[in-house]
Amino acid sequence: MRKSGILLPVSSIPSKYGIGTFSKQAYAFIDSLEKAGQSYWQILPLGPTGYGDSPYQSFSTFAGNPYYIDLETLIEDGYLTEEDCDACDFGDNDVYVDYEKIYLSRFKVLKKAFLNSHIEEEEDFRTYVEENCYWLDDYALYMAVKNSFDGKSWIEWDEDIKLRKPEAMQHCKEEYAEEIMFYQFQQYLFEKQWSALKAYANGKKIEIIGDIPIYVAFDSADTWANPELFQLDETLTPVAVAGCPPDAFSATGQLWGNPLYRWDYHKETDYAWWIKRIAYCYKLYDVVRIDHFRGFDEYYSIPYADETAEFGHWEKGPGYDLFKTLKAKLGNIAVIAEDLGYLTKSVIRLVKKTGYPGMKILQFAFDSREESDYLPHNYGANSIVYTGTHDNDTTVGWYKQLNRQDKALAKKYLDIRSNKDVEWEFIRAALASVSDTCIIPMQDYLGLGSEARTNVPSTLGTNWKWRMVSGQFTDELAERICEMTKLYGRMPK
């Protein structure tokens, strides 16, 4: 069945208090998706973010980002007052998130909500903590201990707690009991608010496409609690780390720095950690996009001390064995394989064998030097087409910077006769393609330029900040999207 949707990070929703949240504006966005005839809302990873504010470097692969907890709902619940929230400085720019101000204010006001809540008396809270103990215990303890070490990575903690010695673990659980419960409280609120929002979307026949990174951060509860899963030496320092070789995005490659998996160990355990991780994703999302799918076929291994990704090498990943196990344990789950970049024959075979749809990006199509697999006439139906992803410039920004030959090809291919509203010609091509699913970033529907770009890979400082302004997604725009969605046979049945 042909469907379409919109890509918009939760952080980009025009909520009150500095960053997008699970707010009434998020519910309004879902209403607009319904008016626009959409079947999907695609978001970025929901995990708590640290240095660089990247959702792809999270303190936990299971936990949710406390920034997304809606403070207005906490006011309605009696945990906070408007004065409590107004007393904090969350930044005053509606278009960009000020992460430093959010960090300095958010936890302060959430702590106040926690102290006012008497949450330990609520049965629903106690049940949540019990049901999620397999990841929540480690995460809450990790964050409490991390705070006691002024935010340092676990590798810099005192030896006894770094190595999780039983006496040290017990001491910290007692010493930081209130702080541990504070982090459990955050996750309880996150789950409660997100579940309600997702149920609202599903009630309107809109499914959530979630995004999970293939790797976890080194500075995370996952690595601290499960060092045996990763390629670490006897001092728990990574032997090698993840990244990408030099490509069009970066001349020196991308040095992500995540620890690499010990795939032999995962196989011995019948991929138990992966089963838990993926199963948990389907509590949060309806469809899961797995980032950097190529890494399951072959992964790029960079020596730990290297400062760039230039001198890494490829190693064999688990291949189809992992997905065969996932299907046996979890059934026929809905997955999108992020299969972008240079693809070897073996990774193409892996994607085909899994049956998962791969991704097609229109911005990659118009290379005047060669025929591209990303030109719509080369697509198969089992694919997801995007004008661009969170790692690309907006279509307007990208088109402005195209060289003369590539722009001439795009104009000829799409029959572009004017530079006015040029983004709609790319949107039309994506919607008209044979791909079963079409996802368009919200910035493209709004016709925004490079100032609205979500992320520039391998850079720090300006990423993950863009926000939609209240009132931008108008009823008129929803109607225009709906008309085109209907025209190309992508309306929900």
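## Salt bridges, rings and burial in a predicted model

The count of salt bridges comes to 23. The structure is a predicted model, and residues are numbered from 1 along the chain.

| Salt bridge | N to O distance |
|---|---|
| K204 and D31 | 3.6 Å |
| D321 and K267 | 2.8 Å |
| D297 and K316 | 3.4 Å |

K204 is partly exposed at 23% relative accessibility, and D31 is partly exposed at 24%. Salt bridges that share partners join K204 and D31 with E34 into one network.

D321 and K267 form a salt bridge as well. D321 belongs to helix α14 (residues 320-330) and K267 to helix α11 (residues 263-268), so the pair ties together parts that are 54 residues apart in sequence. K267 is partly exposed, its relative accessible area being 49%.

In the bridge between D297 and K316, D297 comes from helix α13 (residues 294-297) and K316 from strand β8, so parts 19 residues apart in sequence are tied together. What is the relative accessibility of D297, and does that make the residue buried or exposed? D297 has 5% relative accessibility and counts as buried, because buried means under 20%. K316, at 53% relative accessibility, counts as exposed, because that label applies over 50%.

### Aromatic rings

The structure holds 53 aromatic pairs. In one of them, Y300 and W314 are tilted, with 5.1 Å from centre to centre and 55° between the planes. This pair links distant parts of the chain, with Y300 in strand β7 (residues 298-303) and W314 in strand β8 (residues 313-316), 14 residues apart. Y300 is buried with a relative accessible area of 4%, whereas W314 is partly exposed with 30%.

Ring pairs also link residues into a cluster, among them Y215, F230, W256, Y261 and W263. Further members of that cluster include W273, W274, F293, F296, F323 and Y356.

Charged side chains sit over two rings named here. The charged end of R480 is over the ring of W424, 3.8 Å from its centre. K111 lies over the face of F182, at 4.9 Å from the ring centre.

### A buried isoleucine

I278 is in helix α12 (residues 272-284) and counts as buried, with 2% relative accessibility. Which residues does I278 contact, leaving aside its neighbours within four places in sequence? The contacts of I278 are I212, L326, L330 and I333. F473 is 195 residues from I278 in sequence, and the two are 33 Å apart in space, C-alpha to C-alpha.

### The chain as a whole

The chain has 20 helices and 12 strands. Its C-alpha trace spans about 70 × 50 × 40 Å along the principal axes. A compact globule of 493 residues would have a radius of gyration near 23 Å, and the chain agrees with this at 23 Å.

Of the 493 residues, 56% count as buried. The accessible surface of the chain comes to about 21400 Å², and carbon and sulfur atoms account for 50% of that surface. Among contacts between residues at least 6 apart in sequence, 74% join residues at least 24 apart.

How values were computed: Predicted model: local features only at pLDDT ≥ 70, side-chain atom pairs only at ≥ 80, totals over all residues. Heavy atoms only, no water. Phe/Tyr/Trp six-rings, centres within 6.5 Å; stacked < 30°, edge-to-face > 60°. Helix = DSSP H or I, 4+ residues; strand = E, 2+ residues; numbered from the N terminus. Buried < 20%, exposed > 50% of the residue type's maximum accessible area, 1.4 Å probe, protein only. Lys NZ or Arg CZ within 6 Å of the ring centre and 35° of its normal. Contact = heavy atoms within 4.5 Å. Rg over C-alpha atoms; globule rule 2.2 N^0.38 Å. Areas by Shrake-Rupley, 256 points an atom, 1.4 Å probe, with all protein chains shown as cover. Salt bridge = Lys/Arg side-chain N within 4 Å of Asp/Glu carboxyl O.
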